[in-house]
Each structure stands twice: as C-alpha cells, then as structure tokens.
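Okay, thanks everyone, I'll keep this short. Have a look at the model on the screen while I talk you through it.

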Amino acid sequence: MSSRLDRVDLKILRLLQNNGRLSNAELAETVAISPATCHRRTQRLFEDGFIAAVRAMVAPKKVAKGTLVMVGVVLDRSTPESFAIFEQAIAKLKFVLDCHLVAGDFDYFLKIRVGDMEDFNRIHGEQLIALPGVRQTRTFFVMKEVVDNAPLEF
C-alpha cells in the first residue's frame, strides 16, 4: 500500500467503497475533516488512481439478466500473439462482465450475465465459440451467488 495514504485517506476509501453515494459533506463529517479538505483528498484519490470509478450496482434480475454463467476457455495455442488476439476480441463483447487470464486447466475464465439458459445457448453458439483461437469452452451455470462484488479489505 502506498505510503502516501494516511488513516484519513484509508477511511475515505472504505466509506466510499461501501457507499459511493455519500455526499462530500457526509463524508467529511464522518471522517472528521472539513468539507474542503475532504474534497481535495477525494479528488487526489481519483487522480492518483486509488478510486478507478464510481457507479451504481444494478440488480441483474430487475433488468432481465438474472442468470450468471462462468465459462472456462482453452485456446488452441498458448502464445502471446494468440492471447492478444483473443483479448482484443473478447473486450468487444458487451455481455462479458469479466475476463481473466488464469493458470491451470483453462486459459481464461469469463463471467457472463444473461437472461436465461436459452439466451446463453444463443450467445455461445453464435459468438463465444467463434472467437479467435478458441479450442474449447466449459460452461458453469451459477446456482447461487454466495459472495459477489465484495468490498476490498485493506
């Protein structure tokens, strides 16, 4: 952790991570600093990249995306070029929430939200298996989300 972060900065980060809608005045009062100081510190946290973004967490079921699917992907070659080509292609697919290069039986793990199994079947057949370099996919339908998007502990 950067030595540039003091206990006040860490408290601001924790509070905003748990509730990004806190106003500057509420945040300043909770941290026990002036609103002007709080604003400067928060802006610095953004500028220095400690806070990457602030956004609403939309309830997937409310927007007809209640089915969570994890997909393991194996590429036909394990070269930097094949990884780069795959990564460029996967970044264009809006239904892919997360894509991680992993060690083990798969090259990548994808986190995908869809409306239902039929929706995923269509996406899988039309887009996923057509991605460059894909040799194999293995699909895991999530039965229960036990922990999802938990706040970072620091």
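This is a predicted model: local features need pLDDT of at least 70, side-chain atom pairs count only at pLDDT 80 or more; totals for chains, interfaces and linings use all residues.

**A walk from helix to sheet**

Let's start with Asp9, which is found in helix H1. Residues are numbered from 1 along each chain as its sequence is written, and side-chain values use heavy atoms, with hydrogens and water left out.

Back to Asp9: is it buried or exposed? It is buried, because its relative accessible area is 1%; the cut-offs are under 20% for buried, over 50% for exposed and partly exposed in between, with a 1.4 Å probe and protein chains only. So what does that side chain do? It makes a polar contact with the side chain of Arg44, at 2.8 Å. A polar contact here is a pair of N or O atoms within 3.5 Å; within protein, one must be able to donate a hydrogen and the other to accept it, and residues adjacent in sequence count only if both atoms are side-chain atoms. If you leave aside neighbours within four places in sequence, Asp9 is in contact with Arg4, Arg41, Arg44 and Leu45, where contact means heavy atoms within 4.5 Å.

Now H1 as a whole. H1 covers residues 7-18, and its 12 residues should span 16 Å at 1.5 Å a residue; the end C-alpha atoms are 17 Å apart, which agrees. That expected span is 1.5 Å times one less than the number of residues. Along with Asp9, the buried residues of H1 include Val8, Leu10, Ile12, Leu13 and Leu16. The buried residues of H1 pack against helix H2 (24-31) and helix H3 (35-47).

In the loop between H2 and H3 you'll find Ala32. Ala32 is exposed, at 65% relative accessible area, and has a positive phi of about 70° although it is not a glycine. Most residues other than glycine have a negative phi.

All that sits in an annotated stretch: UniProt, in an unreviewed entry, lists residues 5-66 as "domain: HTH asnC-type". UniProt positions are in the numbering used here, feature names are shortened, and annotations may be inferred rather than shown by experiment. In the model, residues 5-66 are 53% helix and 0% strand, and the end C-alpha atoms lie 38 Å apart.

On to the sheet. What is the strand order? This open sheet of four strands runs E2-E3-E1-E4, with antiparallel pairing, and two strands pair if DSSP finds at least two bridges between them. E2 (96-101) and E4 (134-141) are the edge strands, each pairing on one side only.

Within that sheet, E1 (residues 67-75) and E3 (residues 108-114) pair over seven bridges. Met70 has Lys111 as its bridge partner in E3, and Val71 stands opposite Leu110. On the other pairing, E2 and E3 share five bridges, with His100 partnered by Phe109 in E3. The hairpin of E2 and E3 has six residues between the strands, and there Gly104 takes a positive phi near 125°.

E3 is worth a moment, since six of its seven residues are buried, so the strand is largely enclosed by the rest of the structure. Arg113 is in E3, and it counts as buried because its relative accessibility is 9%. What does the Arg113 side chain reach? It gets to the backbone oxygen of Lys65 at 3.4 Å, and a polar contact of 2.7 Å joins it to the side chain of Glu145. Not counting residues up to four places away in sequence, Arg113 also touches others, including Pro60, Phe95, Leu97 and Asp148.

One last stop: Asn149, in the segment after E4. Asn149 counts as exposed, at 52% relative accessibility, and its phi is near 55°, a positive value in a residue other than glycine.

That's my tour, thanks.

Notes:
Helices (H or I, at least four residues) and strands (E, at least two) are DSSP runs, numbered from the N terminus.
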